[in-house]
Amino acid sequence: MFKKILIANRGEIACRIAKSAKALGMKVVAVYSDADRDARHVQMADEAYRLGPPPVAESYLNVKALLNAAKLSGADAIHPGYGFLSENPEFVESVEAAGLVFIGPPADAIRAMGLKDAAKALMEKSGVPIVPGYHGSNQDADFLKAESDKIGYPVLIKARAGGGGKGMRRVDDPADFVEALEGAQREGQSSFGDPRVLIEKYILSPRHIEVQVFCDGHGNAVHLFERDCSLQRRHQKVIEEAPAPGMTEEMRAAMGDAAVKAAQAVGYEGAGTVEFIVDGSDGLRSDRFWFMEMNTRLQVEHPVTEAITGQDLVNWQFTVAAGGTLPKMQDELSINGHSFEARVYAEDAEAGFLPATGTLQQLKLPSRFARIDSGIRQGDTITPFYDPMIAKIITHGDTREAALAKLALALEKSQAVGCTTNITFLHRLATHAGFMKGEMDTGLIERDLEELTAAPAPTQQALAMAALIELGFANAPAESVDPWDTLVGWRQWSAAKQFAHLNWRGEQTEVSAGRHHDGSLTVSIEDTSYDLRILTNKGQHLRIDIDGTVIAADFFQTATSLTLFMGENTWHFDLPDHLADEEQEGASGNVITSPMPGQVRAVNCAAGDSVKEGQTLIVTEAMKMEHSLTAPRDGIVAEVMAQAGDQVQEGAILLTLEEEEA
């Protein structure tokens, strides 16, 4: 086994790899950009080396700096994690040329599977079923559209060097093909340096089921069963599980055999995942699955496989890379129970899943009954430079129902303040009626998007709770009626009213509260009064009896905001800032601003152009995702203040329209 390894990555996967390495007695070397100088993965390592400024091209993709760090540290091997350089065959060759071991597959295997068109051709020759489509080299737009017309819509345009949902566009209408093609090519060039695409038939009731494979250098190959990754948005996985609901032994054997065959066809070694698209319209059938692609690395969702098999896949990687044989053969592997993984991201689901940035003033993730894989701690700042993942929440149970109930509870108990997250969205998914029954496909989220991302208004109970906190009643002792202990709101004679002004999403509610001599309170909201008593107020937890109903909440308060956690709901209230001047409202109908820090990828108009409401005018990219900014109304472009390639900050004005009168 290795004595010292360098982890060429960051965030939760770097922490995950470091944990297994340390358990085996290895020394761990971390690398970091200036944005990650104080990151958790750096703190976990035995030593760490700076790579460069925050942009990935100058840091985590800087091969020269990575190899120099390995040389200076005396590392034996390099683990790439996932993303960044993990599937770059030139990097593998550079590592080996430097006399180091690459903890991953051979460069030739990565090349063979790295280009989706060539991989599909190879799989077809090897007897692995593939999806109907065009995988050739002709990239002429008219030709590709003609091929799509032959295949029949809907079709899926995919960057041939893509992965992680990047460079993918679904096209339902032939009239939208060219715009979708340009977007896929642009994203493919940006993310992978390759604009070429392939076209596939889009399966109308698709499920995404993948198989974990492992091969060693001694001719042994196994699969560690399947994972269902059908809950996706924009082709990116949201919640994964293992095993797949409804899977039969016949189909599991067929898929496992096809996955192993695919890996052996390219002389694979190490951990890999073979992804299949499955037609789930008539249940899972062994003649209704097709090869999509092979990910030649460890997957983000590998913990669910670890949970049901009891195996440490990172340890397996170390063993195989060091020249050992697979720890277990196929007949020694079995499935135990069920497991789920939910990806917690810094993103605003209610605002179209815009990536979010900010400092996590509070972060609480339940580790008592869930495995938490994270590279982020309370107090860390989410920057626009990297993937916005905060954590992965993994649960395991004897049955699917038990594991899913644990996931829902874990999400309900999770709290984040200071940066918008998708925790509420994930909880709604985990309690979605169809998903709970195992009835899902890759279109579930889009079909039920409004329900899954709706922002329910605060209840009367929530408003009462928030008012007590804002007015300071929650800080007074709950049990005592001694006026010296309960000075907040106390009057010698009749109860005096105090008023809280709670602003939720621009809607202000006035709540009055007054304390009586016996310690009870009366709260009035919109002409309705409630009698209540504070039962518990410890730290950031408040429990009250309101008209005979006991409710509880956790909260986090600053001078100008209050975040209230009640069950599965989280409400963020803006509190009055009496020292701040009222700001003038901007002419939102006349400007397009950047919704987040990022880079301008395309500008589709010029000053003087006539535009229609909803027309895409500017495309920006942040955290590896493109975002189309559209005209807020019909009008004339007055001025364009950005061009392709510009780095812009959140709120920066990118374009203005002429006034209607003009």
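Visitor: Is Ser-126 buried, exposed or partly exposed?
Guide: Ser-126 has a relative accessibility of 23%. A word on the source: this is a predicted model, in which local features need pLDDT of at least 70 and side-chain atom pairs count only at pLDDT 80 or more, while totals for chains, interfaces and linings use all residues. Residues are numbered from 1 along each chain as its sequence is written, and side-chain values use heavy atoms, with hydrogens and water left out. Buried means under 20% relative accessible area and exposed over 50%, with partly exposed in between (1.4 Å probe, protein chains only), so Ser-126 counts as partly exposed.

Visitor: Which residues does Ser-126 contact, leaving aside neighbours within four places in sequence?
Guide: Ser-126 sits in the loop between helix 6 (116–125) and strand 6 (133–134); helices (H or I, at least four residues) and strands (E, at least two) are DSSP runs, numbered from the N terminus. With contact taken as heavy atoms within 4.5 Å, its partners are Lys-261 and Ala-265.

Visitor: How far apart are the C-alpha atoms of Ser-126 and Thr-593?
Guide: Along the chain, Ser-126 and Thr-593 are 467 residues apart.

Visitor: Is Arg-400 buried or exposed?
Guide: Arg-400 lies in helix 12. Among the residues it touches, beyond four places in sequence, are Glu-241, His-338, Phe-340 and Lys-437. Its relative accessibility is 10%, so Arg-400 counts as buried.

Visitor: How many of the 12 residues of helix 17 are buried?
Guide: Helix 17 (residues 460–471) reaches 16 Å from its first C-alpha to its last, close to the 16 Å expected at 1.5 Å a residue. Gly-472, whose phi is positive, near 90°, follows helix 17. Its buried residues include Ala-462, Met-465 and Leu-471. Helix 17 is largely enclosed by the rest of the structure because its buried residues number nine.

Visitor: Which strand gives the most to the lining of the second largest pocket?
Guide: On a 1 Å grid over the protein atoms alone, a pocket is an open set of points with protein on both sides within 12 Å along at least five of seven lines, a cavity is a set where a 1.4 Å probe fits but cannot get out, and lining residues have an atom within 4 Å of a point. This pocket is lined by 33 residues, with Glu-350, Thr-420, Arg-505, Thr-570 and His-572 nearest its centre. Helix 16 (449–453) and strand 30 (561–566) are among the elements that each supply at least two lining residues. Giving the most, with five residues, is strand 31.

Visitor: What is the volume of the second largest cavity?
Guide: The whole structure holds three cavities of 30 Å³ or more. Grid points are joined across faces, edges and corners, and a volume is the space filled by probe spheres set on the points. For the second largest cavity, that volume is about 50 Å³.

Notes:
Expected span 1.5 Å × (residues − 1).
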